[in-house]
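This briefing is intended for reading alongside the sequence and the three-dimensional structure. Please keep both in view while working through the points.

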Amino acid sequence: MSSHVSLLGALFIIWGLLTALVGISTLALGVGAVALLASAARGGSQMAAGLTAVAFTTLAIIAIAWGAAHVLVGVPLRQRKPAARVLALMLGSVDLLLLPYGTALGVYTLWALLNEQGKALFTAD
């Protein structure tokens, strides 16, 4: 089970980095929408560009924060820190909603960390 927990920590780090990368890409789209907002001459296109900029920027911040949370939990999870187990279970439970890869990561998280052998790896000595 130790190898499963190590793999899970690595998957958390990879998932977090990929999610943050998507967030950075989305932020670039938000910056592009702001550029359109600055160059828009008509009221209707200004409103659309502003709404697009706000939507992309909000989604980008959420994705970057979600990715950072996974990386920040994945590292101590590989070190078998008890608090990381609880945080990984919380993140993994929400990941279940993110089809298809988040669901797979969430199921693997629940299986590895709720298993009796997995729990035993995180007991404080």
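The model is a predicted one. Helix H1 covers residues 2–39, helix H2 covers 43–78, helix H3 covers residues 82–95, helix H4 covers residues 101–114 and helix H5 covers residues 116–120. The structure holds one salt bridge, and a cis peptide bond joins Leu99 and Pro100.

**Helix H1**

- Leu7, Leu11, Ile14, Leu18 and Leu21 together form a nonpolar patch on the surface. The accessible area of this patch is about 440 Å² in total.
- Leu21, one of the patch residues, belongs to helix H1.
- Thr19 is also found in helix H1. With a relative accessible area of 13%, Thr19 is buried, because the cut-off for that class is under 20%.
- Beyond its neighbours within four places in sequence, Thr19 is in contact with Ala63, Trp66 and Gly67.

**Helix H3**

- Helix H3 has 14 residues, and the distance from its first C-alpha to its last is 20 Å. This span is close to the 20 Å expected at 1.5 Å a residue.
- The buried residues of H3 are Ala84, Arg85, Ala88, Leu89, Leu91, Gly92 and Asp95.
- Pro82 lies in helix H3 and is partly exposed, at a relative accessible area of 42%.
- Between Pro82 and Leu27 there are 55 residues of separation in sequence, and their C-alpha atoms are 34 Å apart in space.
- Leu89, which lies in helix H3, has a relative accessible area of 14% and is therefore buried, the limit being under 20%.
- Leaving aside neighbours within four places in sequence, Leu89 is in contact with Thr109, Leu110, Leu113 and Leu114.
- Leu89 and Val107 stand 18 residues apart in sequence, with a C-alpha to C-alpha distance of 10.0 Å.

**Helix H4**

- Helix H4 has 14 residues and reaches 20 Å from its first C-alpha to its last, which is close to the 20 Å expected at 1.5 Å a residue.
- Its buried residues are Gly102, Leu105, Gly106, Tyr108, Thr109, Ala112 and Leu113. Viewed down the axis of H4, these buried residues fall within an arc of 170 degrees, so they line one face of the helix.

- Side chains of opposite charge can pair when their charged atoms come close. In this model, the side chains of Glu116 and Lys119 meet in a salt bridge, with an N to O distance of 3.3 Å.
- Both Glu116 and Lys119 lie in helix H5, three residues apart, or about one turn of the helix. In an α-helix there are 3.6 residues a turn, so residues three or four places apart point the same way.
- Glu116 is exposed, with a relative accessible area of 56%, whereas Lys119 counts as partly exposed at 31% relative accessibility.

**Loops and backbone geometry**

- Arg80 is found in the loop between helix H2 and H3. Its phi is near 65 degrees, a positive value in a residue other than glycine.
- At 18% relative accessibility, Arg80 counts as buried.
- Pro100 lies in the loop between H3 and H4. The cis peptide bond between Leu99 and Pro100 has an omega of about -15 degrees.

Notes:
Residues are numbered from 1 along each chain as its sequence is written. This is a predicted model: local features need pLDDT of at least 70, side-chain atom pairs count only at pLDDT 80 or more; totals for chains, interfaces and linings use all residues. Side-chain values use heavy atoms; hydrogens and water are left out. Helices (H or I, at least four residues) and strands (E, at least two) are DSSP runs, numbered from the N terminus. Buried means under 20% relative accessible area, exposed over 50%, partly exposed in between (1.4 Å probe, protein chains only). Patches are made of residues with over 30% relative accessible area and no salt bridge: like charges are joined within 9 Å, nonpolar side chains (Val, Leu, Ile, Met, Phe, Trp, Tyr) within 5 Å. Accessible areas come from the Shrake-Rupley method with a 1.4 Å probe; for residues, only the protein chains shown count as cover. A salt bridge is a side-chain nitrogen of Lys or Arg within 4 Å of a carboxyl oxygen of Asp or Glu. Contact means heavy atoms within 4.5 Å. The expected span of a helix is 1.5 Å times one less than its number of residues. The arc is that of the directions from the helix axis to the C-beta atoms.
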